[in-house]
Amino acid sequence: MIDPARLLVSNALVQITFSAWFGVWLLYRLHLAGRRNGARDLVAAHVDWIVLGLVQVAVGYGLERLRLDVAALPAILIAIAGWLNPVPYLARGVGVNAFEYGGSIAQRLLALLGAISAISLVVGLTWITVALVSA
């Protein structure tokens with residue numbers, strides 16, 4: 001059985017570590033290689049992974065500290081969204097506007113992925129919030 005708090009905190013640590021390494025690559029790309037195209041969006045993805053990782057730590061800590069017994073599904077939704085939510089920024093950083101549903105098949109798929117990610121995050125957080133309020 002999956003422990004939701006442990007899943008969220010473990011996933012968050014992996015995600016923040018990944019983002020730290022992504023930040024190292026960004027520093028190289030921006031400062032040493034001098035490639036600034038898409039930089040703002042790539043930095044947004046980097047920050048998004050860190051912020052969503054911190055959200056997961058907060059939710060996981062809250063679940064554990066408040067001894068809230070919830071199903072694993074909302075934690076899984078939040079964890080998946082933590083990874084996928086920055087994808088539209090990454091896509092736009094390399095020239096595909098995934099914030100607009102249109103254009104190529106790749107653009108439409110990436111836009112759908114972004115929408116699914118946002119919905120997953122909202123559903124997971126709402127589920128846990130309702131469980132907390134009704135406890």
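In which helix is Ser19 found? Ser19 is found in helix 1; helices here are DSSP runs of H or I with at least four residues, strands are E runs of at least two, and both are numbered from the N terminus. The model is predicted: local features need pLDDT of at least 70 and side-chain atom pairs count only at pLDDT 80 or more, whereas totals for chains, interfaces and linings use all residues. Residues are numbered from 1 along each chain as its sequence is written, and side-chain values use heavy atoms, with hydrogens and water left out.

**Stop 1: Ser19.** Select Ser19, which counts as buried because its relative accessibility is 0% (buried means under 20% relative accessible area, exposed over 50%, partly exposed in between, with a 1.4 Å probe and protein chains only). Next, display His46, Trp49 and Ile50, which Ser19 touches when residues up to four places away in sequence are not counted (contact means heavy atoms within 4.5 Å).

**Stop 2: helix 2 and helix 5.** Select residues 39-65 (helix 2) and 105-134 (helix 5), whose axes come within 12 Å and cross at roughly 20°. Axes are lines fitted to C-alpha atoms, for helices over the stretch in contact, and angles run from 0 to 180 degrees between N-to-C directions. Helix 2 and helix 5 are therefore roughly parallel to each other (angles under 35 degrees). Now show the side chains of Leu52, Val55, Val59 and Leu63 in helix 2, which meet Leu121, Leu125 and Ile128 in helix 5.

**Stop 3: the cores.** Select Leu8, Val59, Leu63, Leu68, Ile78 and Ile128, the residues with the most contacts inside the largest nonpolar core, which has 14 residues. Such a core is a set of buried Ala, Val, Leu, Ile, Met, Phe, Trp, Tyr and Cys residues joined through side-chain atoms within 4.5 Å. Helix 1 (4-32), helix 2, helix 3 (72-84) and helix 5 each supply at least two residues of this core, and helix 3 gives the most, with four. A second, separate core of five residues includes Phe22, Leu42, Ala45 and Trp49.

**Stop 4: the whole chain.** Finally, select everything: the chain has five helices and zero strands. Its C-alpha atoms fill a box of roughly 50 × 35 × 25 Å, taken along the principal axes. Buried residues make up 39% of the 135 residues.

Note on methods: Angles under 35 degrees count as roughly parallel, over 145 as roughly antiparallel, 65 to 115 as roughly perpendicular and the rest as oblique.
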